[in-house]
Protein chains: 2
Amino acid sequence: MAVSAVLNGARTSSRTAPETRRRILEAAEKLRYRPNAAARALAERRMNTIGVAAVFERSQLNQYFLEVFNGILETAAQHDQTTTVFTLHDWEKDSARLDKFCDGRIDGLVLIAPRLTKESVAALPTHTPSVGVHANLAVPRWVNLESDEERGAYDMVKYMIELGHRRIMHLTGPRGLLGVERRVTGFKRAMSEAGLRRENTIIVEAGFTTPEGYRALRDWMKASSGQKMPQAIFCANDGVATGCMEVLAEVGIRVPSDISLAGFDDTLAARSTVPQLTTVRQPLHEMGNRAVEVLLERIEASREGKIDRAAQNIVFSTELVLRGTVAPPPSQEIVVPQI
Amino acid sequence: MAVSAVLNGARTSSRTAPETRRRILEAAEKLRYRPNAAARALAERRMNTIGVAAVFERSQLNQYFLEVFNGILETAAQHDQTTTVFTLHDWEKDSARLDKFCDGRIDGLVLIAPRLTKESVAALPTHTPSVGVHANLAVPRWVNLESDEERGAYDMVKYMIELGHRRIMHLTGPRGLLGVERRVTGFKRAMSEAGLRRENTIIVEAGFTTPEGYRALRDWMKASSGQKMPQAIFCANDGVATGCMEVLAEVGIRVPSDISLAGFDDTLAARSTVPQLTTVRQPLHEMGNRAVEVLLERIEASREGKIDRAAQNIVFSTELVLRGTVAPPPSQEIVVPQI
DNA sequence: CTGAAAGCGCTTACAG
DNA sequence: CTGAAAGCGCTTACAG
């Protein structure tokens, strides 16, 4: 008892005699004593650990994940929480495994970009507090952090239009995902507000990775040889935009003098191209920070018995980041070259 | 007892009567029973968790880390181990904290690119098995995974020389680090074997990040205005090479027709530039895989009382990855422009 | 085949 | 101010 009190310092009122205290400290030092985390966790019923679940594939090392994760690590460390990572291969199949992780080894869970279905929502852990970042659907009694992607897309496309662009392509992420559809909606809204219709609007599904961006643009160009190129391409994310840059470089179309190109997210990838990408910033790092704060609040609440039943969406604003890949359109139309 | 035996299945010989077994399973199902990980850890004296320690700064989101980490996660998951991450701000100051993490919450620790000093080596956890990846110095009784960086550098520079390059710059990482010095050594060896001396050899310290690469080349050019540009630049890593591409694009020097450029590591960054970077591949993902395997062996050994006292270095080979940024030098010398 | 008991290493009322 | 005791939820000999 005395040992526990002394060693935990502030935790309990230290009402130990100085001499006893000294002896305890001395012995602890001498023995290189370290309290055992598992035993403490068992007694206190808390691990001081939060879990992060994400799909993490070798093939698509994920800039997006890295930024959010970094924010999570930062805030977790500030609160003396350690972070453990659970990798899934596939949200559809693996969301059942989530429940297994919630076996006392973590106090709460943040799900990064989960792709949930109605069934998998039912399988979500119920005893362990959790929050989502960019979840693809609303979950009852859940907090989800998202950003105003529609607005971001709208702002970017409007900016392109103001520069004089008319014929604009949108290379989308995997259709059906909430965030993807929001970007499509923003794109369409900006186009139609400017009176630009069908013939100027090209929507092609790509994905979220650089190879997918490369493929999508290349395939479209193959199929459209001899037609007019778009004057600008608004991409699903920075990775896709990078893929586009490769295609364009290969065929000798220059960015931004011949064609404008914009990304989304503002990940490290946006600063790794030459010229650097004009993009829509989502505050991913801050969202990671916030996810942990919210989660910690929920953990605290559930400990005090007041389970927070209010579902809420926390919406972050997006921001245009103007760099080197968007410029006024060239005076002459460019024709899709033979590939 | 019976419950434990049944639920753990293979673990103990299941010698339970079918009827008892059925009842147990049924009850477990009905109650949605989940064994408590902390209690199990306490009883079994193992967490089935490995720790990963790395410096993880907001400012320099680290491609290198991401690749190694991904390999670690993969192998850990295969062995049903969870992975927890400890972030340090600074190896020098924080290596004392490492010891605190080793309080029973992890069974072993992998240190990613630790920058150790003699003092911090002494403070390294002794009871918890650990391995290093790219450690900067040899630690007694330790396993360190590294790659043949000298050879990688040598091969790349030799390749440049064979293409006809004579005046070659090496933009180094932070001087003093083992890996950095090895690359410098490989560079120098290739140069001197080819009979290229001082006047053709330009060594400038940069760092490991894109902004540092940008700064270093730009500063050098500022100070060298009117002199001859190098015909090729061999960079400390892919991030630095990306920084160089930015500078060169700004001043209108084309890669690779005017100047050749090579990176190191073959991270995602090497595939995000246009044209893609010619680089030296280190098998980072595989090194992450292997680190976990070795660590798990050591954990097992230490459990069986046979502490493995043999220090060993596991050396992976490097490999030239020829992409788009290295070509024969131009016929005319290029002069450093005024910046 | 089954169950009572001790122990893993802590924390937290509680009685002195 | 101090220490004996119970309990956190498991596993593992051990005796029946």
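**Exercises on aromatic rings in a predicted model**

**Exercise 1.** Determine which residue lies over the face of Y154(B), and at what distance from the ring centre.

*Solution.* In this predicted model, R189(B) is placed over the face of Y154(B), 4.0 Å from the ring centre.

**Exercise 2.** State how many aromatic pairs the structure holds over all chains, and classify the pair of F69(A) and F69(B).

*Solution.* Over all chains, 11 aromatic pairs are present. For F69(A) and F69(B), the ring centres are 5.8 Å apart and the planes stand at 20°. Rings pair if their centres lie within 6.5 Å, and planes under 30 degrees apart count as stacked; the pair is therefore stacked. This pair crosses between chains, running from helix α4 (residues 63-78) of chain A to helix α4 (residues 63-78) of chain B. Both F69(A) and F69(B) are buried. Ring pairs also join F69(A) and F69(B) with F56(A), F65(A), F56(B) and F65(B) in a cluster.

**Exercise 3.** Classify the pair of F86(B) and F101(B), locate its two residues, and decide whether each is buried or exposed.

*Solution.* The centres of F86(B) and F101(B) lie 3.9 Å apart, with 10° between the planes, and the pair is stacked. F86(B) belongs to strand β2 (residues 82-88) of chain B and F101(B) to helix α5 (residues 91-101) of chain B; the pair links distant parts of the chain, 15 residues apart. Buried means under 20% relative accessible area. F86(B), at 2% relative accessibility, therefore counts as buried. F101(B), at 9% relative accessibility, also counts as buried.

Definitions and conventions. Residues are numbered from 1 along each chain as its sequence is written. Chains are lettered from A and ligands numbered from 1 in the order in which they are written. This is a predicted model: local features need pLDDT of at least 70, side-chain atom pairs count only at pLDDT 80 or more; totals for chains, interfaces and linings use all residues. Side-chain values use heavy atoms; hydrogens and water are left out. Rings of Phe, Tyr and Trp (its six-membered ring) pair if their centres lie within 6.5 Å; planes under 30 degrees apart count as stacked, over 60 as edge-to-face and the rest as tilted. Helices (H or I, at least four residues) and strands (E, at least two) are DSSP runs, numbered from the N terminus. Buried means under 20% relative accessible area, exposed over 50%, partly exposed in between (1.4 Å probe, protein chains only). A charge sits over a ring if NZ of Lys or CZ of Arg is within 6 Å of the ring centre and within 35 degrees of the ring normal.
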